[in-house]
Amino acid sequence: NNRDVRKIENEEIDEIINYSEENDKINIVYIDDQGNRKKETFNAVENTFMEKSMELKINNVNSVDAKSGLVEFYYTLSIYGYVQQLYDIAEKHFLYKNKDGKWLSDGCTYTQEELNEMQIPSPGWGVKVKNRASFDIQTTEITYDIQPLSTKENYKEDDVRIMEIREGIMKVRHDFDLRSFPFDKQKISFALYEIDDVNAVLGAMDFSHQNFRDLVRKNNIVPGWIISDYGIKSFLYSEESFYQGVFTSGLEHSLEVQRSHQYYIFKVILPIILILLICWSVFWIHPRELESKLTITIVCLLSLIAYNFVIEEDIPKLSYLTIMDYIILLSYVYATLPNFLSIISFKLYSDKKKIIYNLPTFLPLVGGKELLISHESIDKYSGSWGLLSYVAILIIIIVVIIAGNPHTAHYFGWLI
């Protein structure tokens, strides 16, 4: 249009080419490969998708790996867009009458290379996945389906639907909150956003809701997790590095999953309690058998240390303590106490001594009274109340951590 492209910015060229009024002309003068001056005239048309509809089907959630912070999906994503300018061409090739004189249309499937050769835009070109870690190139496939929608088939208007279908395996990064581990729940999401067109609006189709409802009903397709709920919502996306202050449309599909805690109760917590029960049973042995007592308590302590390595395989190194961390630490303390109490009991028994201790006056009910400590009293009260105090303190710690934590599983919902 009498403008030297060498002297104007790329943005100005885009405005000329993508002009919205279809009667305007674009005149291009260029030099071909033989040095001849050529002139071409094109109609300027708007080539954008104002609305993009999506169908997301989660075929399977292969893994939820809290240690690496990655969630792996096997998915099928269909992105629909409409280009009315292609209708005349599509009508000639895809629309026909059957034997009964009824108008029908056939779609056609193309590869990515074929679509690029035809220079037809795809609704999925500007759609990206948020927090994507990687694609599995070996199993990711992209195809395109083009089909006319004609008023002759009782559609509201003549149009051409272009559908991009992505199918494959993808890993998405997720920020896990593990304070309530192993009684935690997580919200894992598959978020899509538009990067190019600020006017495009991403919307979910009914099939996506149906697929996610089916996942909740099955609820056990994620190894080690139970699907309890789902959500689909829109959001506004702003690129941090580019286009600051400009927002584009986004659509987030999320699954709420809670950890299957039975493994940790029956294979970790209950064995720890049994080990501590054995550890505190040394107070049923006579004080003079110090060597036997210490052998039992030290073996129990070493067994607890081994359980710590089992837990480390499931979660990353964190800057905070989880419920399981508190259980392990408290277990260390309660596995160590019998060692010192056994030694004190043996010393009092050998010396035939008793210790009289005056309790501080500020203690309610017992303040100022004398406390008589002997090997009999140590063995009696330790054997009766040692393990019970461990369970009581453990329950208090769990309640305090869970209270107000939204990442706690539903069966503790009354505490949140």
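The legends below describe several close-up views of one predicted model.

Residues are numbered from 1 along each chain as its sequence is written. In this predicted model, local features need pLDDT of at least 70, side-chain atom pairs count only at pLDDT 80 or more, and totals for chains, interfaces and linings use all residues, while side-chain values use heavy atoms, with hydrogens and water left out.

**View 1. The whole chain.** The chain holds eight helices and 17 strands; helices (H or I, at least four residues) and strands (E, at least two) are DSSP runs, numbered from the N terminus. Of its 416 residues, 40% are buried. Here buried means under 20% relative accessible area, exposed means over 50%, and partly exposed lies in between (1.4 Å probe, protein chains only). Contact means heavy atoms within 4.5 Å. Among contacts between residues at least 6 apart in sequence, 70% join residues at least 24 apart.

**View 2. Helix H5 beside helix H7.** Two packed helices are described by the angle between their axes and the distance between the axes. Helix H5 (residues 262–280) packs with helix H7 (residues 323–351) at an angle of about 15°, and their axes are 9 Å apart. That angle makes H5 roughly parallel to H7. Axes are lines fitted to C-alpha atoms, for helices over the stretch in contact, and angles run from 0 to 180 degrees between N-to-C directions. Angles under 35 degrees count as roughly parallel, over 145 as roughly antiparallel, 65 to 115 as roughly perpendicular and the rest as oblique. The contact involves, among others, Ile269 and Trp280 of H5, and Met324 and Leu341 of H7. Its residues divide into 15 nonpolar, one polar and no charged. Ala, Val, Leu, Ile, Met, Phe, Trp, Tyr, Cys and Pro count as nonpolar, Asp, Glu, Lys and Arg as charged, and the others, Gly among them, as polar.

**View 3. Helix H5 beside helix H6.** The axes of H5 and helix H6 (residues 290–312) come within 9 Å and cross at roughly 165°. H5 and H6 are therefore roughly antiparallel to each other. Residues making the contact include Lys267 and Pro271 of H5, and Ser303 and Tyr307 of H6. By class, this contact of H5 with H6 has 14 nonpolar, two polar and one charged residues.

**View 4. The two sides of helix H2.** In helix H2 (residues 87–94), the buried residues are Tyr87, Ala90 and Phe94. Seen down the axis of H2, they fall within an arc of 65°, so they line one face of the helix; the arc is that of the directions from the helix axis to the C-beta atoms. Asp88, Ile89, Lys92 and His93 are exposed on the other side of H2. The strands against which the buried residues of H2 pack include E5 (95–97) and E10 (141–149).

**View 5. Glu55 in strand E3.** Glu55 is found in strand E3 (residues 51–65) and is buried, with a relative accessible area of 17%. The C-alpha atoms of Glu55 and Ser78 are separated by 5.1 Å, though these residues are 23 residues apart along the chain. Leaving aside neighbours within four places in sequence, the contacts of Glu55 include Thr76, Ser78, Tyr80 and Phe207.

**View 6. Two loops with backbone exceptions.** Most residues other than glycine have a negative phi, and most peptide bonds are trans. Asn154 is not a glycine, yet has a positive phi of about 75°. Asn154 sits in the loop between E10 and E11 and is exposed, with a relative accessible area of 73%. Phe181 and Pro182 are joined by a cis peptide bond, with omega about 10°. Pro182 lies in the loop between E11 and strand E12 (185–194).
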